[in-house]
Amino acid sequence: MAAAEWIVGTQNGQGAHSVELAKRHLVQPWPEAGEIGSEARALIEGGEGIYITDGEGKRLIDGPAGMWCVNVGHRREELARVMYDQAMQLSYNTPWYTMNAPSAVLAERIAGHAPGDLSHVFYTTGGSTAVESALRFMQFYNNVRGRPEKKLILSRGGAYHGSTYLSASLNGRPRDRDWMNGADDLVVKLSSPNAFRRPAGMTVEAFADGLVAEFEETVQRLGADRIGAFVGEPVQASGGVVLPPGNYLQRIRGICRDNDILFIADEVVTAFGRLGHVFASGEVFGLDPDMITFAKGVTSGYFPLGGMIVSDRLLAELRRSNHPTAMYAHGLTYTSHPVGCAVALANLDLLENGVLEHTRAMAPYFQAQLKTLEELPLVGEVRGIGLMACVECVADRESRNPLQLDKNVGERIDAHCHELGLLVRPLINMCVMSPPLVITKEQIDDMVGILREGISRTMDDLR
Ligand code: PLP
């Protein structure tokens, strides 16, 4: 069957067949060993605005906006047209010897939004390759400066930075590293900044002080001359929407500056609108990172694109070094892809012309409505910022213990919500909500209503 007919075919009930094909031929992300090659997940056939449609024709609110990415919503004709027009104009050019206009115009616009002196963009194929590129840049930077021993990377519990080798080595969520290898000689893990999990009786301020003290102690113990970078999500996303406690991140930034340690803000989730701004580092948290990584929302998920932004200061140091011909031997076939950059420009137009403002207007309502779920005994905490939030379930409010809880509580909530018309992103005992940014108040009410009912039904299951 021709590709175009196949797209139409799925809408004519051919979807069930594709589930069979997937079972026979598709490897999905994060499968368990016994399921690899046979696990097919719910078929999604279409999308419009904040909704997607499943294989049975059921309309669901896209609670996670794909994977935190469909920021301007599904089926935006403006974006589809730009991809078509750009592909007809120029579908690809060799990035080694040539360049294209959309990539340069986009870089200039990104630099205009980025904090501090972040001014140069290297485009990648997504978030993992963005983090990988930033880390390889740090290694190159220190080699060229004659500091080859300055390579250790500090990361944190609860972090998620990707699925390529080095980026995945930074991951600090339970299970991400249980059965996988990583560059353990290069990465040092610090504590998770999740204040909900702080010791009983400790204030949030004292918890933040403890994180800063741990950071300082680590720098002293390992030696600043061996540490190349700290990598952190301003808000840990997949770790359960963990907000930085107090001004801890600003203090870490200061320590990094004082010790010549690069501060890399991984904004793969938080950039391009999720917190109501193009970048959250500067405008929300008052940070001026040495590098920012981004992906996902840059194209609202319409095209695989990511990137890292690097500061003028670092580039100036490289230019001044004793090794002006040293090569940053790093490139990707699809870097600066003209179709990806063109759709990113159209996406940025939408963000700048209303979607960012709408996000800032909706965020307080979104957070307040979700917060009402704390009335339910299963819910230990609802936390969030902008249009991202996490509902964390506990076995017992007093102890905040998630451990005795049914391990599939998130999946149970997801299953009930699916039946009721909402897709949620289950993470063990947590449900993460990050809908398309175009969501309205009425749609937020629907979303929270369904989630409330899904959690209530789960409580009945567990009784
Ligand atoms: N960094 C963060 C903060 C992420 O949340 C993710 C993906 O969820 C990544 C990096 C990896 O991005 P990708 O899946 O596009 O490679």
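**Figure 1. Packing of helix H11 against helix H13 in the predicted model.** Helix H11, residues 338-371, and helix H13, residues 441-462, have axes that come within 10 Å and cross at roughly 20°. Angles under 35 degrees count as roughly parallel, so H11 is roughly parallel to H13. The crossing in which H11 passes H13 is right-handed. On the H11 side the contact is made by Met362, Tyr365, Phe366, Gln369 and Leu370. These residues meet Lys441, Ile444, Asp445 and Val448 of H13. Sorted by class, the contact of H11 with H13 holds six nonpolar residues, one polar residue and two charged residues.

**Figure 2. Packing of helix H4 against helix H11.** Two packed helices are described by the angle between their axes and by the distance between the axes. For helix H4, residues 101-113, and H11, the angle is about 40° and the axes lie 8 Å apart. H4 is therefore oblique to H11. The crossing in which H4 passes H11 is left-handed, whereas H11 passes H13 in a right-handed crossing. From H4, the residues in the contact are Pro102, Ser103, Val105, Leu106 and Arg109. Their partners in H11 are Pro338, Cys341, Ala342, Ala344, Leu345 and Leu348. The contact of H4 with H11 contains nine nonpolar residues, one polar residue and one charged residue.

**Figure 3. Residues surrounding the ligand.** The ligand is surrounded by 17 residues. Gly126, Gly127, Ser128, Gly162 and Val268 are the closest of them.

Figure 4. Taken along the principal axes, the box filled by the C-alpha atoms of the protein is roughly 65 × 60 × 45 Å.

Definitions and conventions: Residues numbered from 1 in each chain as written. Predicted model: local features only at pLDDT ≥ 70, side-chain atom pairs only at ≥ 80, totals over all residues. Axes fitted to C-alpha atoms, helices over the stretch in contact; angles between N-to-C directions. Helix = DSSP H or I, 4+ residues; strand = E, 2+ residues; numbered from the N terminus. Parallel < 35°, antiparallel > 145°, perpendicular 65-115°, else oblique. Left-handed = near helix turned anticlockwise from the far one by under 90°. Contact = placed C-beta atoms within 7 Å. Nonpolar A, V, L, I, M, F, W, Y, C, P; charged D, E, K, R; others polar. Near = placed C-beta within 6 Å.
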